[in-house]
Amino acid sequence: MSNETSSPLFQPADSVPLPPRDADVLTTCCDYCIVACGYKVYRWPAEGPHGGPEKGQNALNRNYTLGPMQGNWLGPNQFTQALHNGRLHNIAIVADGDADVVNVGGDHSIRGGCLAQKVYSENKLTRDRLKHPLLRIDGVLVPVSWDLALDVAAELSKYVIQRHGESAWALKYQSYQFFENTYALTRLAFRSINTPAVAHHDHPSIVSGASGWVDIGYDPFPAAYEDFALADCILISGTDPYETKTIVWNEWILKGIRSNNTRVIMVNPRKTMGAAFAERHGGLHLDVNPGSDTALHLALQRIILENGWEDTDFIEQWVANKWDADSDAGQGTRDTPRQWRTTWDRFQVDGFRAWKQWLLAQEESRLDVAARITGISPEKIRQAAEMMARPRAGGKRVKTTIAIEKGNYWSNNYLNTASIGNLGVILGCGGRPGRAITRLGGHQRGGRNGGRYPDWKSPNKMPGRRRQRLDLDRWVEGGHVRFAYVVGTTWIQAMAGSQALSETFQRLTRDNPHQVRSRDKQQIIETLKQRVDSGGMLVVNQDIYLTNPIGTLFADIVLPAATWGESNFTRCNGERRIRLYSKFYDPPGEAKPDWEIVSMLARKMGFEGYDWRGPSEVFEESCAFSRGTRTDHQVLCTLAGLRGMTAHELLRSYGTTGLQCPLFLDGNEILESKRLHAFERKDIPETGPAGLSVQRRQIMAFKSHTGKLNLLKSPWGIWADFYAFMQPRGDELWVTNGRINEIWQSGFDDVQRRRYIQQRWPENYLEIHPGDARQRGIESGDRVRIASDRVPVQKGLILGIKSDDMWFSGLMKHNHIELVSGQFEAVAIVTPAIKRGVVFSNYLNKSNPANSITPRVPDPLSMNYRFKISSGVVTKIGESPYKNSFAQMSFKRRTIL
């Protein structure tokens, strides 16, 4: 073996300076996954003086050298340099070694351990940050002033709204971001413009990811992380938290496995590191066929009921009866998804007995049928039911926690979330230590609506008097969007049927004859008016990097945004813990935070109330809009006012611990909420401001009209036609996708700008079973193409007359489905960890997106895309340069323990 094939392409630094005792110390949290581990930022002048290795000589208060697994270890990836007040400073970003919540003792993931490398620096790969506004002239993006860029954007916004209506003005934005930014954006879209053409970064509409839970009465994020350590059994569906929420696994689930003998059941088509570890420690891996989860849930419920293992006391007290269910369904105008879904007999039942009768009559609940549909052995399904529900000696109930993520709800959204929610109900999940039901989450929770979504303006109507929120991708496809404001999201590749969507953007922007050729402001405005009047579209893209293709190819105006570390921000993590993310360095060039850009744009459009002087003012205004939500933190503003300080200053005083929302004010004390649905909670006063809070029912019971849980039918038949169409045919395989530990989202920080990750994952990959690989002549390291010529794309507006119009067969019958072609390329990894008949790829590789072949037909009940199920033909097209070299990429199994 030559040195050329074994030498790594990346050689890290081997030393960094330590912060001196008098270094500035600020608190922040990781910018990546929903766990939001606590970090401390140490800042001191680049020229020094630096700290020494002894405990009394450095700001970390540790003796060095420490090992990498010890708290406050400081390595090259935790160090950088950046400008602060125009002067170069050293920056060390270290997980908080004193933390006693979330990342206890300073634990962190590979993503969080590299936070310092996301900081802008002219000497690193972050040097390509957007620094100035850009405007496309003669097809080239050229720097312009803020005034020119926003004058054009404001004038075209006003023109489009006046001439084509507010529904022609669209916002696609990063709903996970920070409260300050998302509040400002949605205040403009909903309250000032009042457009329904708004969608989150990961959906075609404004929708809930766990829609079935919402209808049952569960909040999607009610748990505390400690519930994972207190449970006897954890059912994890559609994710591996080791790969995607590492600290939840390392600090909380492992604690349960090691100290409480917690059994973990993982439901995924591929065996991951977490699944392999769970199996070794008495748990299970259920290798479910993509999209078949509902059948698994039905079978588990049937086994539990036939053996009398359900939690009868919980069901008697907290499950709605016939009168409760009737009073909670179909109320009001039926303009909201919750209202129109629950008016159908397809889902509503008259209490537990009626639901049980329905379940036992379902063929798919039979063990043999469910085993055939899911591809899981009957023995494993029965064993899983026993782990979750069979009482212990003396009749003691098993404390079971259920956690799901995108592999579950982005395949068969409504039925999967409703059916696993029903499973939670009969197991008594919710509100008690170790007995939670929760999403594990993807992004952190920084969404705050600055106004109400105008449901009544959506043109989509389902059968009867039922209105559905607007599908923005379909609205664009139909040529109805004339102004698209795209903020902080990879719109094209992140959406289903991305290849066809990219072609639509090309047609509406670059292929339109009206292109800007002049620097004269009035001529620019007139040209773009001609474009939108001719059926074309103007795109304004606001981001931290120039993103391909939404920015590089399609945007007419690009606005540079400031991000994490460049302004004070706030948001919550997956256990609703709110903290301040401190500003610690200068944003590059003229970049500004989203809230400030919105402020400038809105004022140029003539709207009032956007004259914020800083991020804390935005936050304080947004606090009132948090009332009644799971992240209610209005009392922060109240208490800050009483103490004569800003809300940001008050929140800063809570450091990396923060506060668990919803919050209550009892005198001058803030009461936190460890978990929602806490019906055994005793500390909330019966009277006074805390006792009168609108949150009380949500905290003390469940999120329904009666405060009880509504069991729902989850009939396989309403999904069967679509599932049958998506089944692999001929030489096709199931194609699914997801995340891996090293890469966050689209890789905008790591794959594109970190040498080690570039070395580890230089291209997209495809895991394929050895049996499937042999049949196709594929070996690890081969380059493969994954293609489909039958990608279904839903077209046109839907005005349903009969209920069958909304199901896939009805859409096909009425010509609302177009079959298009899509493909992507990847490097093959042959591994028995993936189920036979299924292949797995990174879900958002921007150069070769798996979404090129995912179906753009949203769940008709919830408007969630089905990103996790597609099918395609896998073909070898050659060998990659990594096949015979050890310098980049690895083809070793990830399940090595």
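Q: Which backbone nitrogen does the side chain of Ser518 reach?
A: The model is a predicted one. In it, the side chain of Ser518 reaches the backbone nitrogen of Asp520, at 2.9 Å. To place such a contact, look next at the surrounding elements. Ser518 sits in the loop that runs from helix H20 (498-508) to helix H21 (521-533).

Q: Which residues does Ser518 touch, leaving out those up to four places away in sequence?
A: Ser518 touches Ile137, Gln523 and Ile524. Of these, Gln523 and Ile524 fall within the range of helix H21 (521-533).

Q: Where does Arg627 lie, and is Arg627 buried or exposed?
A: Arg627 is in the loop between helix H24 (615-623) and helix H25 (634-643). Exposure is read from relative accessible area, and a residue counts as exposed when that value is over 50%. Arg627 has 52%, so it is exposed. Its side chain reaches the backbone oxygen of Ala624 at 3.1 Å. Beyond four places in sequence, Arg627 touches Asp632 and Gln634.

Q: How many aromatic pairs does a search of the whole structure find?
A: The search finds 36 aromatic pairs. A pair is read from two values, the distance between ring centres and the angle between ring planes. Take Trp318 and Phe702: their ring centres are 5.6 Å apart and their planes stand at 70 degrees, so this pair is edge-to-face. Trp318 belongs to helix H10 (residues 312-318), while Phe702 is in the loop between helix H28 (696-700) and helix H29 (717-726), so the pair ties together parts 384 residues apart in sequence.

Q: Are Trp318 and Phe702 buried or exposed?
A: Here the cut-off for buried is under 20% relative accessible area. Trp318 is buried at 12%, and Phe702 is buried at 0%.

Q: Which residues have the most contacts inside the largest nonpolar core?
A: That core has 223 residues, and those with the most contacts inside it are Ile93, Leu188, Leu423, Leu472, Tyr485 and Phe505. A core can also be read by element: helix H2 (residues 146-164) gives the most to this one, with 10 residues. Leaving out residues up to four places away in sequence, Tyr485 touches a set of residues including Trp169, Leu185, Leu188, Val540, Ile597 and Leu601.

Q: How many helices and strands does the chain have, and what does the radius of gyration say about the chain?
A: There are 32 helices and 29 strands. The radius of gyration is 27 Å, close to the 29 Å that the globule rule gives for 897 residues, so the chain is as compact as a globular protein of that length. Along the principal axes, the C-alpha atoms fill a box of roughly 75 × 70 × 70 Å. Buried residues make up 66% of the 897 residues. Among contacts with a separation of 6 or more, 76% join residues 24 or more positions apart.

Q: Which residues does a cis peptide bond join, with omega at about 0 degrees?
A: Omega is the angle to read here. The cis bond in question joins Asn548 and Pro549, and Pro549 lies in the loop between strand S17 (538-543) and helix H22 (550-554). The bond from Cys661 to Pro662 is also cis, with omega near -5 degrees. Pro662 is in the loop between strand S21 (659-660) and strand S22 (664-666).

Q: Where is Ala36, and what is the phi of Ala36?
A: Ala36 is in the loop between strand S1 (24-29) and strand S2 (38-45). Although Ala36 is not a glycine, its phi is positive, at about 55 degrees. Ala36 is buried, with a relative accessible area of 1%. Met863, also not a glycine, has a positive phi of about 65 degrees. Met863 lies in the loop between strand S28 (838-842) and strand S29 (870-879), and at 3% relative accessibility Met863 counts as buried.

Conventions
Residues are numbered from 1 along each chain as its sequence is written. This is a predicted model: local features need pLDDT of at least 70, side-chain atom pairs count only at pLDDT 80 or more; totals for chains, interfaces and linings use all residues. Side-chain values use heavy atoms; hydrogens and water are left out. Helices (H or I, at least four residues) and strands (E, at least two) are DSSP runs, numbered from the N terminus. A polar contact is a pair of N or O atoms within 3.5 Å; within protein, one must be able to donate a hydrogen and the other to accept it, and residues adjacent in sequence count only if both atoms are side-chain atoms. Contact means heavy atoms within 4.5 Å. Rings of Phe, Tyr and Trp (its six-membered ring) pair if their centres lie within 6.5 Å; planes under 30 degrees apart count as stacked, over 60 as edge-to-face and the rest as tilted. Buried means under 20% relative accessible area, exposed over 50%, partly exposed in between (1.4 Å probe, protein chains only). A nonpolar core is a set of buried Ala, Val, Leu, Ile, Met, Phe, Trp, Tyr and Cys residues joined through side-chain atoms within 4.5 Å. The radius of gyration is taken over C-alpha atoms; the globule rule is 2.2 Å times the number of residues to the power 0.38.
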